[in-house]
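Let's take a friendly walk through a protein fold, one piece at a time. Have the picture open while you read.

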Amino acid sequence: MVLKFKPAAIVFDFDGTLLDSRQAHNEARKLLAKFYSIFGFNLDDGYLPFSRDFLTWLKNAGLNQFQVNLYFKLWNMIEMWQRPRIFNGANELIDVLKSRNIVVGLLTNRSAYSANNAIVRSGLNWQKLNFIAVSKYEKSSLAISEKKHFDNQYFSDFSKPDPRAADSIRYFLKDLPGYPRSVWYIGDNLLDYYFSRDNNFSFAGVLSGDITSIEIWEKAGVENVIDNIVGSDNGSFARYLY
């Protein structure tokens with residue numbers, strides 16, 4: 001991996017990128033697939049977490065709105081039980097970036113309720129971030145929620161891969177030198193890549209989340225692929241910054 005564009009901002013996806021959530025989410029999918037099979041739904045097949053919007057996939061599987069709402073509520077409960085934490089070294093990486101006057105933020109498709117609970121439990125030093133961008137739509141109810149839990153929280157009308165998901169935090173980015181290529185988005189699935197590409201941001205894909213095969217990234221045309229954002233191995237994003 002070569003940083004062709006010097007980072008003026010680094011924006012992280014949350015799940016699988018900052019948050020070590022793969023095991024917890026795989027467990028949640030298995031448990032909920034078994035539960036919904038009682039009602040005749042087959043949720044074991046057809047879901048490609050690295051290329052599809054989860055909400056759309058559930059509706060295409062035949063779940064009505066009540067069943068979708070219940071799915072996300074149960075998902076949140078299972079995740080609270082699993083208590084996934086951020087990757088070791090993530091906070092230290094954020095400190096290094098901030099010390100170099102790099103804008104650092106988080107942008108996720110999670111709703112405020114889901115993101116807030118996970119962030120608080122994860123151990124992330126959220127106060128160090130310039131912004132935390134979340135969806136204003138609660139997936140468990142489709143209600144609109146713009147109740148701030150963090151002072152640096154912003155709400156989006158759109159979700160990735162729609163490039164307009166960045167509109168709520170573009171204020172922090174648009175005047176940076178080298179914008180938009182100097183903005184790096186780091187994510188774990190193809191929705192993240194499409195979002196970054198359509199904003200003309202630079203992008204790095206990790207192998208610590210939904211996508212665990214470098215071939216999937218390369219087939220999509222992603223040049224920058226790393227094992228994770230932190231750690232001492234040669235495949236960490238931190239290696240290119242220290």
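## Ground rules

A residue counts as buried when its relative accessible area is under 20%, as exposed when over 50%, and as partly exposed in between (1.4 Å probe, protein chains only). Helices (H or I, at least four residues) and strands (E, at least two) are DSSP runs, numbered from the N terminus.

This is a predicted model, so to speak of a local feature takes a pLDDT of at least 70, and side-chain atom pairs count only at pLDDT 80 or more, while totals for chains, interfaces and linings use all residues. Residues are numbered from 1 along each chain as its sequence is written, and side-chain values use heavy atoms, with hydrogens and water left out.

## The sheet

Two strands pair if DSSP finds at least two bridges between them. The β6 and β7 strands are parallel and share two bridges, and Gly205 has Val225 as its bridge partner in β7.

Now look at β2. Strand β1 (residues 9-12) runs parallel to β2 over four bridges, with Val11 partnered by Gly105. Four bridges also join β2 to the parallel strand β3 (residues 131-135), where Ser111 stands opposite Ser135. To get from β2 to β3, the chain passes through helix α5 (residues 112-122), making a right-handed β-α-β crossover. Right-handed means that, with the strands pointing away from the viewer, the path from the first strand over the helix to the second runs clockwise.

## A strand covered on both sides

In a regular strand the side chains alternate between the two faces of the sheet. Is β2 buried or exposed? Nine of the nine residues of β2 (residues 103-111) are buried, so the strand is largely enclosed by the rest of the structure. One side has Val103, Gly105, Leu107, Asn109 and Ser111, the other has Val104, Leu106, Thr108 and Arg110, and all of these are buried.

## Nonpolar cores

A nonpolar core is a set of buried Ala, Val, Leu, Ile, Met, Phe, Trp, Tyr and Cys residues joined through side-chain atoms within 4.5 Å. The largest one here has 31 residues, and those with the most contacts inside it are Phe12, Phe14, Leu18, Leu124, Ile186 and Ile229. Elements giving two or more residues to this core include β1, β2, α5 and β3. Another core lies apart from it, with 24 residues, among them Val11, Val183, Tyr193 and Phe201.

Take Leu124 as an example. Leaving out residues up to four places away in sequence, Leu124 touches a list that includes Phe14, Leu18, Ile94 and Leu106; contact means heavy atoms within 4.5 Å.

## Aromatic rings

Rings of Phe, Tyr and Trp (its six-membered ring) pair if their centres lie within 6.5 Å; planes under 30 degrees apart count as stacked, over 60 as edge-to-face and the rest as tilted. The whole structure has 15 aromatic pairs. In one of them, Phe195 and Phe201 have ring centres 6.2 Å apart and planes at 80 degrees, so this pair is edge-to-face. Phe195 is buried at 1% relative accessible area, and Phe201 is buried too, at 4%.

Ring pairs also link Phe35, Tyr36, Phe41, Tyr71, Phe72 and Trp75 into a cluster. Among the buried residues of helix α3 are Tyr71, Phe72 and Trp75.
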